[in-house]
Amino acid sequence: MVEGKNVVLGITGSIAAYKAVDIAAKLTQKGLAVDVVMTKAATKFVSALSFRSVTHRPVITDMWETPAEFNIEHVSLAERADVVVIAPATANTIAKLAAGIADEILTCTVLATRAPIILAPAMDAGMYSNPITQENLAKLRSRGFIIAGPGYGWLASGLVGMGRLVDPNEILGTIFQALGKKGDLVDKHIVVSAGGTREPIDLVRYIGNRSSGKMGYALAEAARDRGATVTLVTSVTELPPPAGVEVIPVESALEMREAVLKATAAADVLIMAAAVADYHPAKVAKDKIKRESETLTLELVKTPDIIGEVRGNIIKVGFAAESKDLIVRGTEKLKKKKLDLIAVNDITAEDSGFATDTNRVILIDRKGKVEQLSLMPKYEVAHLILDKVVVLLSRAQRSPAEKDT
Ligand code: CTP
């Protein structure tokens with residue numbers, strides 16, 4: 001989706017400039033063309049060579065000395081950009097932009113572009129809270145600028161406060177969200193569930209499973225990158241919350257049920273990638289259970305089938321974790337739960353399924369069409385599933401759903 005898109009990454013004079021090298025590297029790894037533009041002050045903190053090394057492209061540091069092989073001026077740079085990002089953005093640059101000043105190639109580019117502009121402020125807490133900076137940011141926001149952060153924490157001055165460059169992952173998420181504004185899922189609301197539920201036994205213990213949540217998070221990010229409004233209902237995972245996605249944290253199957261039913265009331269699509277416990281303890285002990293008796297018996301009761309309970313005009317995609325007879329069992333689940341599509345995982349394979357970054361799934365639709373996907377990163381699997389969702393949505397639009405009748 002984002003491959004081949006052009007990003008202008010502006011760097012201004014803040015100690016956080018070194019973090020932008022990682023942002024430039026990650027964007028390049030995703031297949032984007034990243035043109036880095038540095039202010040003079042930025043070059044005091046980090047060298048142009050660092051950016052050149054990770055983007056494999058010339059870096060612009062001087063309006064009057066644009067590299068010959070680049071052969072572009074600020075206006076063509078502005079026109080070519082699909083998104084302009086300034087990270088870190090200092091109080092000084094923010095003030096110039098608010099006033100429409102164009103005295104360096106970066107400020108010229110921002111003034112000339114029609115692409116979405118993202119600013120990630122980074123500065124001392126006093127400068128950030130100063131009403132002048134706040135007014136400048138409010139003015140830029142009202143003009144459609146997207147402001148990412150800043151975060152709270154340790155500042156270079158030694159003080160703790162607001163002004164830290166927001167987590168680079170959040171900046172990347174904001175960039176992909178801005179690029180997705182013309183995607184094929186614009187105006188669609190997709191609910192994704194992720195992670196393994198935790199079923200409480202007592203105050204401190206729970207029954208869990210080995211799901212990492214990676215497939216669900218990849219789906220939420222991929223849907224966001226295609227322009228969808230995404231709600232991610234997630235049990236506890238070690239993954240950072242994806243930027244630009246509404247995250248609803250839950251723990252148990254019952255909490256997940258409540259959150260999913262609420263979120264899907266007006267949604268277009270539900271993708272249940274969560275590993276929902278099949279059983280939960282009948283009673284949750286109020287205190288910590290003591291190690292006294294020789295044996296301990298827990299009574300478990302069945303959890304509600306969440307995806308099966310979701311009704312109405314909504315596309316439902318499920319996952320099936322199976323160890324044998326993958327296609328037969330997947331097809332049975334698809335029918336039983338009235339799904340539009342099911343992605344079947346072989347949980348005995350080492351390179352796919354739980355906790356891995358890659359997955360190999362079999363997709364089965366309502367017509368019985370079976371598609372075996374090769375081993376690939378979960379983000380790519382997510383896009384192939386969403387390709388099917390796009391087709392299902394266009395079909396549903398042509399003939400309003402009759403499946404739950
Ligand atoms: N699922 C659900 N609610 C449950 C259990 C599962 O919504 N209580 C969803 C899962 O998120 C998944 C699909 O149903 O999308 C299939 O989950 P899976 O665990 O493979 O199947 P189960 O119905 O639990 O059947 P079994 O464990 O017996 O294979």
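Burial first, since I use it throughout: I call a residue buried under 20% relative accessible area, exposed over 50%, and partly exposed in between (1.4 Å probe, protein chains only).

**Ground rules.** I am working on a predicted model, where local features need pLDDT of at least 70 and side-chain atom pairs count only at pLDDT 80 or more, while totals for chains, interfaces and linings use all residues. Residues are numbered from 1 along each chain as its sequence is written, and side-chain values use heavy atoms, with hydrogens and water left out.

**Entry: Lys-96.** I looked up where Lys-96 sits, and found it in helix α5 (residues 91-99). Helices here are DSSP runs of H or I with at least four residues, strands are runs of E with at least two, and both are numbered from the N terminus. Is Lys-96 buried or exposed? Lys-96 counts as buried because its relative accessibility is 14%. Next I asked which residues Lys-96 touches, not counting those up to four places away in sequence. I noted Ile-101, Asp-103, Glu-104 and Thr-107; contact means heavy atoms within 4.5 Å.

**Entry: whole chain.** I noted 14 helices and 21 strands. The C-alpha atoms fill a box of roughly 75 × 55 × 40 Å along the principal axes. Of the 405 residues, 49% count as buried. I also checked contacts between residues at least 6 apart in sequence: 66% of them join residues at least 24 apart.

**Entry: strand β11.** I picked β11 (residues 229-234) and found five of its six residues buried. Which strands does β11 pair with? I count two strands as paired if DSSP finds at least two bridges between them. Strand β8 (residues 189-194) runs parallel to β11, with six bridges joining them. In that pairing I found Val-191 opposite Thr-231 of β11. Strand β12 (residues 246-249) also pairs with β11 in the parallel sense, over four bridges. Here Leu-232 has Val-247 of β12 as its bridge partner.

**Entry: two domains.** The chain is divided into domain 1 (6-179) and domain 2 (184-403), with bounds from an automatic or database domain assignment. I got 37 Å between their C-alpha centres. Seven residues of domain 1 are in contact with six residues of domain 2. How much area do domain 1 and domain 2 bury between them? I noted about 510 Å², with 56% of it on carbon and sulfur atoms. Lys-30, Phe-176 and Gln-177 supply 63% of what domain 1 buries against domain 2, more than any other three residues. Buried area is the accessible area (1.4 Å probe) that two parts lose on being put together, summed over both.

I then went looking for polar links across that interface. The rule finds one residue pair in polar contact there, both at pLDDT 80 or more. A polar contact is a pair of N or O atoms within 3.5 Å; within protein, one must be able to donate a hydrogen and the other to accept it, and residues adjacent in sequence count only if both atoms are side-chain atoms. For salt bridges between domain 1 and domain 2, I wrote down zero.

**Entry: salt bridges.** My cut-off is a side-chain nitrogen of Lys or Arg within 4 Å of a carboxyl oxygen of Asp or Glu. Side chains of opposite charge can pair when their charged atoms come close. The search of the whole structure gave 15.

- Arg-257 bridges to Glu-309, with the closest N and O atoms 2.8 Å apart. This pair links distant parts of the chain, from helix α11 (residues 253-263) to helix α12 (residues 306-309), 52 residues apart. Arg-257 is partly exposed at 29% relative accessibility, and Glu-309 is partly exposed at 33%.
- Glu-371 bridges to Lys-388, with the closest N and O atoms 2.5 Å apart. This pair also links distant parts of the chain, Glu-371 in strand β20 (residues 370-372) and Lys-388 in helix α14 (residues 378-398), 17 residues apart. I put down Glu-371 as partly exposed at 27% and Lys-388 as partly exposed at 24%.
- Arg-329 bridges to Glu-322, with the closest N and O atoms 3.8 Å apart. Arg-329 is partly exposed at 31%, whereas Glu-322 is buried at 6%.
- Asp-35, Arg-57 and Arg-80 are linked in a salt-bridge network.
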